[in-house]
Amino acid sequence: FPSHDTAHLEEIVKKLAEYENLEESGLLIKLPYPVGTPLFIPCKKQGVKQDHIRRWQTNNKGLMFCSNGSFYLADAIGKSIFLTREEAEMKLKEEK
């Protein structure tokens, strides 16, 4: 490798080591979905409402996202909030 490539590779290795240290110490979080991911929320009175993930945060309950002005635990996705309109509509039908 030319010397400038070696320096670049050293930077990459250093950055990867930093990420590994953060992960091992519990300071690095891999988000399950990016901000902006569309969400579909089944509502008995209003039908299916569409929104998106506006931001992520953590608290003593765990990883949470903000959507539609409320915060939800990350594991709500697929249970009470869905990634597709079809899933949300199916949930509404189940609840009738």
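Biologist: In which sense do strand β3 and strand β4 pair?

Modeller: They pair in the antiparallel sense, over five bridges. Strand β3 covers residues 55-59, and strand β4 covers residues 62-67. Keep in mind that this is a predicted model.

Biologist: What do β3 and β4 form, and how many residues lie between them?

Modeller: They form a hairpin, with two residues between them.

Biologist: Which residue in β4 is the bridge partner of W56?

Modeller: Look across to F65. That residue is the bridge partner of W56.

Biologist: Where do side chains go in a regular strand?

Modeller: They alternate between the two faces of the sheet.

Biologist: Now the whole chain. In what order do the elements run from the N terminus on?

Modeller: The order is α-β-β-β-β-β-α. The radius of gyration of the protein chain is 20 Å, well over the 12 Å that the globule rule gives for 96 residues, so the chain is more spread out than a compact globule.

Biologist: What does the C-alpha trace span along its principal axes?

Modeller: About 65 × 30 × 20 Å.

Biologist: How do I read burial here? What share of the 96 residues is buried?

Modeller: Buried means under 20% relative accessible area. In this protein chain, buried residues make up 22% of the 96.

Biologist: And the surface? What does the accessible surface come to?

Modeller: It comes to about 7300 Å². Carbon and sulfur atoms hold 54% of that surface.

Biologist: Last, the charges. How far apart are the mean positions of the positive and negative charges?

Modeller: The protein chain has 14 positive and 14 negative charges. Their mean positions are 15 Å apart.

Definitions and conventions
Residues are numbered from 1 along each chain as its sequence is written. This is a predicted model: local features need pLDDT of at least 70, side-chain atom pairs count only at pLDDT 80 or more; totals for chains, interfaces and linings use all residues. Side-chain values use heavy atoms; hydrogens and water are left out. Helices (H or I, at least four residues) and strands (E, at least two) are DSSP runs, numbered from the N terminus. The radius of gyration is taken over C-alpha atoms; the globule rule is 2.2 Å times the number of residues to the power 0.38. Buried means under 20% relative accessible area, exposed over 50%, partly exposed in between (1.4 Å probe, protein chains only). Accessible areas come from the Shrake-Rupley method with a 1.4 Å probe; for residues, only the protein chains shown count as cover. Lys and Arg count as positive and Asp and Glu as negative; His and the chain ends are not counted. The place of a charge is taken as NZ of Lys, CZ of Arg, CG of Asp or CD of Glu. Two strands pair if DSSP finds at least two bridges between them.
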